[in-house]
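Hello,

Here is the structure for you to look through. My notes on it follow below.

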Amino acid sequence: MKAAPEAQRRLLDLQAVDTTLAQLAHRRKTLPELAEIDAAAREISALEDERVRAQVVVDDLDRDIARLEKDIDQVRQRKDKDQKRLDAGGSLREVEGLQHELATLNRRQSELEDAELALMEQNETAAATLAEVQSRLAAAVGRRTDAERRRDEALGEIGKELEFKTQARGPLAADLPADLVTLYEKIRSETGMGAALFYAGRCGACRIELYGADLNRVKAAAKDDVVRCEECRRIMVRTSESGL
């Protein structure tokens, strides 16, 4: 293939733009914030499960304490009723029966209050555990929110640069010979790079240094010959920097 030396040189400008576009696309996919967000999401999911378990423990204890308080209140009401009956007097048998029942109710109240106190101590510990989990969960959510903000800012900057480079690429490619661009695009689609500077006896793409017949081939090629590397098959653009 033939192409004017100036057209080949401008092919390096096109490659520079495409390299930048590829780097921006890669950067967009590999932003460190994406890994941070993913890690925070996994942590939040685990902490949410932990929070639910801790909340269940607190809710169960609250329910048990409420049940005991109801039982204690019923015992107190029964004691008040028996005490009024006792104060009203009656037969010796009735008085002895009421006194015996009051003693039983006192023991029952004491047992219920001891059980309630134990549950309240457990509930205090469970509530502290829940609060600690909620604190860690809030911190993880905050980290994710911050990472999402930084991600959006980075994506906005990348998007602007991508748009600028894409707009610059169009006129640059349109100003080059169509057959040269077609060859360049074919090579770039296969290898990721279509053209590179031939510099100091080396292919600028694969960095292979040419010797003997291979170097003589490049030296002997006409200025408008489109020369390709025998190793990586990319277009080697010769300029005044090539040292030929």
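**Notes on the structure**

Asn123 is found in helix H3. Please keep in mind that this is a predicted model. Is Asn123 buried or exposed? With a relative accessible area of 15%, Asn123 falls under the 20% cut-off, so it counts as buried. Leaving aside residues up to four places away in sequence, Asn123 touches Val58, Leu61, Asp62 and Ile65.

Glu157 also has its place in helix H3. Its relative accessible area is 51%, which is over the 50% cut-off, so Glu157 is exposed. Glu157 and Arg27 are 130 residues apart along the chain, and their C-alpha atoms are separated by 11 Å.

Now the chain as a whole. It has five helices and four strands. Read from the N terminus on, the elements come in the order α-α-α-α-β-β-α-β-β. The C-alpha trace spans about 135 × 35 × 25 Å along its principal axes. The radius of gyration of the chain is 42 Å, whereas a compact globule of 244 residues would have one near 18 Å. Of the 244 residues, 30% are buried. The accessible surface comes to about 15,000 Å², and carbon and sulfur atoms account for 52% of that. If you take the contacts between residues at least 6 apart in sequence, 75% of them join residues at least 24 apart.

Which residues have the most contacts inside the largest nonpolar core? They are Leu11, Leu14, Leu180 and Ile235, in a core of 23 residues. H1, H3, H4 and S4 are the elements that each give two or more residues to this core. The most come from H1, which gives six. Another core lies apart from this one; it has twelve residues, including Leu61, Val75, Ala126 and Leu130.

Ile235 is worth a look on its own. Not counting residues up to four places away in sequence, Ile235 touches Leu11, Leu180, Leu183, Tyr184, Ile187, Gly194, Ala195, Ala196, Val226, Val227 and Arg228.

The remaining notes concern helix H4. It covers residues 178–191, which makes 14 residues.

Which residues of H4 are buried? They are Leu180, Val181, Leu183, Tyr184 and Ile187. These residues lie on the same side of H4, because they cover an arc of only 160° around the axis. What do the buried residues of H4 pack against? Their partners are helix H1 (5–29), helix H3 (92–174), strand S1 (195–199), strand S3 (227–228) and strand S4 (235–237). On the face of H4 turned away from the buried side are the exposed residues Ala178, Thr182, Ser189 and Glu190. Just after H4 comes Gly192, which takes a positive phi of about 90°.

Regards

Methods
Residues are numbered from 1 along each chain as its sequence is written. This is a predicted model: local features need pLDDT of at least 70, side-chain atom pairs count only at pLDDT 80 or more; totals for chains, interfaces and linings use all residues. Side-chain values use heavy atoms; hydrogens and water are left out. The expected span of a helix is 1.5 Å times one less than its number of residues. Buried means under 20% relative accessible area, exposed over 50%, partly exposed in between (1.4 Å probe, protein chains only). The arc is that of the directions from the helix axis to the C-beta atoms. Contact means heavy atoms within 4.5 Å. The radius of gyration is taken over C-alpha atoms; the globule rule is 2.2 Å times the number of residues to the power 0.38. Accessible areas come from the Shrake-Rupley method with a 1.4 Å probe; for residues, only the protein chains shown count as cover. A nonpolar core is a set of buried Ala, Val, Leu, Ile, Met, Phe, Trp, Tyr and Cys residues joined through side-chain atoms within 4.5 Å.
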